[in-house]
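Visitor: I'm new to reading protein structures. Could you show me one and walk me through it?

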Amino acid sequence: MTVPTASGPAVRERRWRPPAPFDVVLTLSPHRRGGGDPAWRRTPDGTIWRTSRTPEGPGTLRVTASRGEVLGQAWGPGADWLLDTLPSLLGADDDVAGFAAMLARLTRSGDPRQARAAAFVAGLADRSAGLRIGRSLRVFEALAPAVLEQKVVGREAWRAWRFLMRRYGEPAPGPAPEGMYVIPPPEVWRAIPSWDWHRAGAEAVRGRTIVNAAGHAAKLERTTGGAGSAEADRLLRALPGIGVWTSAEVRQRAHGDPDAPSVGDFHIPGIVGYALTGRKTDDDGMLELLEPFRGHRHRVVRLIELSGVRPPARGPRMAPRDYRAF
């Protein structure tokens, strides 16, 4: 529905009632790229603002939830697309019931180790019952910031993301909070000069990876139309500079894949190992621990991350680098 306004652009609206209570912030927070993300904002009342470059053009989405109902409001050429896909973004297709049934089977499996792990995860799921794994359906939009996050601390990656968004993105349509921008289209990423990658603090390898992926963006986007997460994984990992970690990070967000754990992450294996066994582990150990949860391994990792369970810190934190000084 289009709602005319006395001042400013018309807003498109959609109301959607999820089949079960859910948490808007928990569900949409994976799309946030650090503090000050120009494409994601949460206001004090819990409203989420998000920008996107849809197949129809740039758009701004505002999401609020009250009394079991979600109100989506959107502006810009991509407004209708954003509202049409709003349920998918919020996890309407997420198999939460299947996950609960899996936990129940594992609890009754007769294997004490599996039963303990399943009971622990079930407790975490109860504490974060509003979590859904949603699908943004925008692959390159998830890919560019994921590449910037490769092998660096978050603050370094997010600084680069903010610089490039503000320099090459376009202002968010509608009455979005100040400082919000829409991600540039792939052809703009391909034209970013080397000195601006340097000014952003992203070294040449990450810049080349994004530029090359931008040339294949149309093919990658088609995987959200039915080809699925497995085909997206194959295509993503065929591109130079994109490995298992980046592919998983993209598919978690764009395809809503609950079974795409971030293998190769600096922190996650240790966190998962400590939460499930009391001892840190590596990628192989993490995958072994997650194997009983196959089909929902990313969801289990997400629940563990949300729990706040962490191994004791030992040694200094990894410091962010600044390539602009090189």
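Visitor: How many of the 11 residues of helix 16 are buried?

Guide: A word on the model before we start: it is predicted, so local features need pLDDT of at least 70 and side-chain atom pairs count only at pLDDT 80 or more, while totals for chains, interfaces and linings use all residues. Residues are numbered from 1 along each chain as its sequence is written, and side-chain values use heavy atoms, with hydrogens and water left out. Helices (H or I, at least four residues) and strands (E, at least two) are DSSP runs, numbered from the N terminus, and buried means under 20% relative accessible area, exposed over 50%, partly exposed in between (1.4 Å probe, protein chains only). Helix 16 covers residues 297-307 and is mostly covered, with a buried count of 9.

Visitor: Which helices do the buried residues of helix 16 pack against?

Guide: Those buried residues include Arg297, Arg299 and Leu303. Look for contacts, meaning heavy atoms within 4.5 Å. The partners are helix 1 (24-28), helix 4, helix 5, helix 13 (244-254), helix 14 (268-277) and helix 15 (283-290).

Visitor: Which ring does Arg299 lie over?

Guide: Arg299 is one of the buried residues of helix 16. A charge sits over a ring if NZ of Lys or CZ of Arg is within 6 Å of the ring centre and within 35 degrees of the ring normal. Arg299 is 5.1 Å from the ring centre, over the face of Phe99.

Visitor: At what angle do helix 4 and helix 5 pack?

Guide: Axes here are lines fitted to C-alpha atoms, for helices over the stretch in contact, and angles run from 0 to 180 degrees between N-to-C directions. Helix 4 (residues 96-107) and helix 5 (residues 112-127) have their axes 8 Å apart, and the angle is about 145°.

Visitor: And how many nonpolar residues does the contact of helix 4 with helix 5 have?

Guide: Helix 4 brings Phe99, Leu103, Leu106 and Thr107, while the residues from helix 5 include Gln114, Ala115 and Val121. For the classes, Ala, Val, Leu, Ile, Met, Phe, Trp, Tyr, Cys and Pro count as nonpolar, Asp, Glu, Lys and Arg as charged, and the others, Gly among them, as polar. There are no charged residues and 2 polar ones, and the nonpolar count is 9.

Visitor: Is the aromatic pair of Trp16 and Phe22 stacked or edge-to-face?

Guide: Rings of Phe, Tyr and Trp (its six-membered ring) pair if their centres lie within 6.5 Å; planes under 30 degrees apart count as stacked, over 60 as edge-to-face and the rest as tilted. The whole structure has 5 aromatic pairs. In this one, the centres are 6.3 Å apart with 65° between the planes, which makes it edge-to-face.

Visitor: Why is the pair of Trp189 and Trp197 called tilted?

Guide: Trp189 is buried at 0% relative accessible area, and Trp197 is buried at 6%. Their ring centres are 6.1 Å apart and their planes meet at 35°, so the pair is tilted.

Visitor: Which residues does Asp37 contact, leaving aside neighbours within four places in sequence?

Guide: Asp37 lies in the loop between helix 1 and strand 3 (40-42). Asp37 counts as buried because its relative accessibility is 2%. Its contacts are His31, Arg32 and Trp161.
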